[in-house]
Protein chains: 2
Amino acid sequence: MKAAFMYGAGDVRVESIPEPSIVEPTDAIIRTVRSCVCGSDLHPYHSMPDSESGSPMGHEVLGVVEETGSAVSTVHTGDLVVSSFTYQDNTCVHCREGFHVSCLHGGFFGAVGVGLQAEYVRIPLADGTLVAVPDVDETGNGSEELLASLLTLSDVYLTGFHAATMGRVQSGQTVTVIGDGAVGLSAVLASRQLGAERIILMGRHTDRTDLGREFGATDVVAERGEDGIARVLEAAGGDRSHVVIEAVGHLPAYEQAMGVVRPGGVISRVGVPQYKEAPIGNPLFRENITITGGTAPVRRYLDQAIPHVVAGTINPGRVFDVSMPLSEAAAAYAAMDAREALKVMLVP
Amino acid sequence: MKAAFMYGAGDVRVESIPEPSIVEPTDAIIRTVRSCVCGSDLHPYHSMPDSESGSPMGHEVLGVVEETGSAVSTVHTGDLVVSSFTYQDNTCVHCREGFHVSCLHGGFFGAVGVGLQAEYVRIPLADGTLVAVPDVDETGNGSEELLASLLTLSDVYLTGFHAATMGRVQSGQTVTVIGDGAVGLSAVLASRQLGAERIILMGRHTDRTDLGREFGATDVVAERGEDGIARVLEAAGGDRSHVVIEAVGHLPAYEQAMGVVRPGGVISRVGVPQYKEAPIGNPLFRENITITGGTAPVRRYLDQAIPHVVAGTINPGRVFDVSMPLSEAAAAYAAMDAREALKVMLVP
């Protein structure tokens, strides 16, 4: 079967490897229906040292269950399933508290030797990791849109939703979203879903911010730095924002967030921080700013999100603007890296 | 009348100055019943450059209303009142959202030229700043304990309560409190009030941690650094804490908090940070740690807290271990600085 590997910065190859098989009784094997490239896959694409063995790539997948281990009880052969981008038992103390990415027995795809940009994948802890989509077949009941939206529940949309949830976005609030990548746009949609009244999207790519407006952004600010801060305040009639979602991960974006958050407000981060230290003394302390967010425990939201997507209440799959065969994964990475594509879907 | 001023590091003097009078129609004049020295008063006591004019000191007071401006309607001559340590209108957007320390028209005592370690004080924005204590006279109905507990509502107890509230302490949780000063001990009592099941107090002064146990600490850890972290985990059967209240303000205390907080947990800070930058990248991000807290909007909690204190449900005034005449304020500062006193009450 075909699977994507990265051998170093800028070096993605699709290779033929043996199909996976059940190893643990808690495993399931799924046949991939759709997979995709994540913005976070671009970090190693920029910086990975050369490797002889290569790293299996991909952590987002929609698939059909082919086979289950003897201990798997919640998904069955033939089910269309969404996998979260981490695997977990969904029963340990951290899972029960809603923080599945810290599961005592779980881990991250890729790191575990399983990449989800592949024709077939072995899913560890299948009961805790896969959620079946009832009454939808692998054609999305004939809707490519539905497949795309279901695929976003594997990571990108629910990462945006996590940002809004951790930010405690409430009805009537002003939310600023920093970053017009697929996660930032997802955070706009999620903030709208949670009732935000004014949503200010900070981004410079018109094609992306246009989609942001369709997702619910009431204002778009292209400027950055002090200018950007001034424009965000202006957009809200001089008021700072109750919640600022930082979907970039670089220090200037964090500083931007500090500049627009109101006293008692929340900075919710879902861009993986590319910094270790940052300012958190005054004025943040004096103004009671909360800093929250983190790697999204997608599994926590899956059961609730699937029916919304199936019913068409939300259509987060619109973040996919390009679709390619899995065999062209190298071109998919290059297109996202060159910002020619917002997010590329891979079809086996 | 007598009032305390600081003229430089270690140099506190009680001087005779004219009694204050109404300046704005929103002012009230109160006669001090009890005042006190705050741990935060020790920062300038260590570092204040010499000054010819001196700074008026004190921001905590329990008093009796002597006179009100023409626009004051909620407190009346003869009322026993608690003042919050900031003044505010209690009507602006930030006050309505519960963050009175960021009031658009408010400010901090001391900075405004009014110190509350004085026989009489002018309270700006009296309707937003003072809360009357019904059915209690200036003798605490004969109870010095009641006066002490009411005085803590001006700052120290409600600062601890704010820490627990921002940390979202819930029934059944494990809370670690770092710091055995009066704020840390108050945070222990507040965490107990909010239903925490296990409260681990980190502190090295046995007389203080003994009071912490009476306030509700289930465990005391005297060690610091890696040893301290190990002992905190041990106390909770290996589990990390849902909420860590950092009531010190120095970087090692923050690092201690990072070491004991569990995935998805909260670090709530009420020690004024003596650092500008701190680690907030991974692992905090990956583990979804929330950092919150800040200068306490005491006014938000006053209406609810006063009846609890009057009813004797809580007795936070036990943090006062020494009482001195206002005229001996210099000795009060020295005693707290030398850690001979936990918190000193000043009697006019």
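Strand 1 (residues 2-8) of chain A is joined to strand 2 of chain A by 6 bridges, and the two run antiparallel. Strands (E, at least two residues) and helices (H or I, at least four) are DSSP runs, numbered from the N terminus. Two strands pair if DSSP finds at least two bridges between them. This is a predicted model, in which local features need pLDDT of at least 70, side-chain atom pairs count only at pLDDT 80 or more, and totals for chains, interfaces and linings use all residues. Residues are numbered from 1 along each chain as its sequence is written, while chains are lettered from A and ligands numbered from 1 in the order in which they are written.

**The three-stranded sheet in chain A**

- In this part of chain A, A:Lys2 has A:Ser16 in strand 2 as its bridge partner.
- Helix 11 (residues 329-337) of chain A packs on the sheet and touches strand 1 and strand 2. The direction of helix 11 makes about 160° with that of strand 2 of chain A.
- Such angles run from 0 to 180 degrees between N-to-C directions, and axes are lines fitted to C-alpha atoms, for helices over the stretch in contact.
- The sheet is open, has 3 strands in the order 2-1-4 and pairs them antiparallel.
- Strand 2 (11-16) and strand 4 (55-56) of chain A stand at the edges. Each has a single partner strand, so one side of each is left without a neighbour in the sheet.

**The three-stranded sheet in chain B**

- Chain B has an open sheet of 3 strands, with the order 2-1-4 and antiparallel pairing.
- Its edges are strand 2 (11-16) and strand 4 (55-56) of chain B. Each of these has a single partner strand, so one side of each lacks a neighbour in the sheet.
- Strand 1 (residues 2-8) and strand 4 of chain B pair in the antiparallel sense over 2 bridges.
- Opposite B:Met6 stands B:Ser55 in strand 4 of chain B.
- Helix 11 (residues 329-337) of chain B lies across strand 1 and strand 2 of chain B. Helix 11 runs at about 160° to strand 2 of chain B.

**Domains of chain A**

- The assignment gives domain 1 (2-155 + 297-347) and domain 2 (160-293) in chain A. Domain bounds come from an automatic or database domain assignment.
- The centres of domain 1 and domain 2 of chain A, taken over C-alpha atoms, are separated by 27 Å.
- Domain 1 of chain A gives 10 residues to the contact and domain 2 of chain A gives 12 residues. Two residues are in contact if their C-beta atoms, placed from the backbone, lie within 7 Å.
- The side of domain 1 that touches domain 2 in chain A has 6 nonpolar, 2 polar and 2 charged residues.
- Here Ala, Val, Leu, Ile, Met, Phe, Trp, Tyr, Cys and Pro count as nonpolar, Asp, Glu, Lys and Arg as charged, and the others, Gly among them, as polar.

**Where the chains meet**

- Chain A and chain B each bring 29 residues to their contact.
- Strand 15 (261-269), strand 16 (277-279) and strand 17 (290-293) of chain A each supply at least two residues of the side that touches chain B.
- By class, that side of chain A has 12 nonpolar, 11 polar and 6 charged residues.
- Strand 16 of chain A is joined by 3 bridges to strand 16 (residues 277-279) of chain B, and the two run antiparallel.
- A:Pro279 has B:Glu277 as its bridge partner in strand 16 of chain B.
- The copies meet through the same surface, because 100% of the interface residues of chain A are also interface residues in chain B.

- A cis peptide bond, with omega about 5°, joins A:Asn282 and A:Pro283.
- A:Asn288 is found in this loop of chain A too. A:Asn288 is not a glycine, yet has a positive phi of about 55°.
- In chain B, B:Pro283 lies in the loop between strand 16 and strand 17 (290-293). The peptide bond from B:Asn282 to B:Pro283 is cis, with omega near 5°.

**Confidence**

- Chain A averages a pLDDT of 97, and 99% of the residues score at least 70. pLDDT is the predictor's confidence in each residue, from 0 to 100.
- For the complex, the predictor gives an ipTM of 0.95 and a pTM of 0.96.
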